[in-house]
Amino acid sequence: MVLHKGFFKSKKYYGIQYETDSKRINLLSFGFYPVLMAINLSFMLLTPEVIASVLETNVISEFDIILKIPLFTRLLAESILLMITFGVSTLLFSPIWILKDSGIIFTNKIVVENSNEKLIIKSIGDWFQTILKGYSGIGVIITYFFVITNFITHYIDNFGLPGNLLNFPSLILWLGLPFYLVLSTIPALILHDIIKKHRINYVRKIGVKVGIKDTAISSF
């Protein structure tokens, strides 16, 4: 909130939209984009050096045969990296959810009063969410493009070799990864909803300190 207000300075007008009814959140949609970002970040870090350090010697000895399957090797290393990147992505999205619930919005009313530009009213949380959602969506598309491309390449190169068909189950696990991980966010999102009132009051107090005091009233 402070970052947004400091960046736009006097170009935006800020207010607080007080809601009288409580909206029910969609837990699965809330957790979907953090999962996409986590997968994208972990894929970016998935270099041969990282795989070698993540999959220690004792792990490799236990899975000596199955680790010869390229896609499974990456999936196993990816799963370990996701424990870190999932925490990072959730840390980035959590402030956005908090800002959206607070009802603090901004408008370009001051700028467009004497111009032909359209009036925009938007939540600060939505503004940041648009940026992160765009990065997560595009990033995961690129990630899965490389995953499928690598799968096809390895399958053709190893056609007829023992164990090559086992790449298919690994690919299915890869493709379904976002949907499996979303379920793991449900407990945290339930807790997030339980403390909603405390979060809203806390953020609004900060808003008052930085000059966001007016009540935003809309007729639609």
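## Strands, helix faces and a surface patch

In strand S2 (residues 104–107), Ile104 and Phe106 point one way while Ile105 and Thr107 point the other way, and all are buried (under 20% relative accessible area, with exposed meaning over 50% and partly exposed in between; 1.4 Å probe, protein chains only). This is a predicted model, where local features need pLDDT of at least 70, side-chain atom pairs count only at pLDDT 80 or more, and totals for chains, interfaces and linings use all residues. Residues are numbered from 1 along each chain as its sequence is written, and side-chain values use heavy atoms, leaving out hydrogens and water. Helices (H or I, at least four residues) and strands (E, at least two) are DSSP runs numbered from the N terminus.

**Strand pairing around S2**

- Strand S1 (residues 13–16) runs antiparallel to S2, and four bridges join them; strands pair if DSSP finds at least two bridges between them.
- Across that pairing, Tyr13 stands opposite Thr107 of S2.
- S2 is also joined to strand S3 (residues 121–123) by three bridges, and these two run antiparallel.
- Here Phe106 stands opposite Lys122 in S3.

**The two faces of helix H9**

- Which residues of helix H9 (residues 177–184) are buried? They are Leu177, Pro178, Leu181 and Val182.
- Seen down the axis of H9, these buried residues fall within an arc of 130°, so they line one face of the helix; the arc is that of the directions from the helix axis to the C-beta atoms.
- The face of H9 turned away from the buried side carries Phe179 and Leu183, which are exposed.

**A nonpolar patch on the surface**

- Met83, Ile84, Val88 and Leu92 form a nonpolar surface patch, with about 420 Å² of accessible area together (Shrake-Rupley method, 1.4 Å probe; for residues, only the protein chains shown count as cover).
- Met83 lies in helix H5 (residues 70–102) and is exposed, at 67% relative accessible area.

- Gln129 lies in helix H7 (residues 124–157) and counts as buried at 11% relative accessibility.
- Not counting residues up to four places away in sequence, Gln129 touches Ile96, Trp97 and Lys100; contact means heavy atoms within 4.5 Å.
- Thr143 is found in helix H7 and is buried, with a relative accessible area of 1%.
- Leaving out residues up to four places away in sequence, Thr143 touches Ile39, Asn40 and Phe43.

Notes:
Patch = residues over 30% accessible without salt bridge, like charges linked within 9 Å, V, L, I, M, F, W, Y side chains within 5 Å. Salt bridge = Lys/Arg side-chain N within 4 Å of Asp/Glu carboxyl O.
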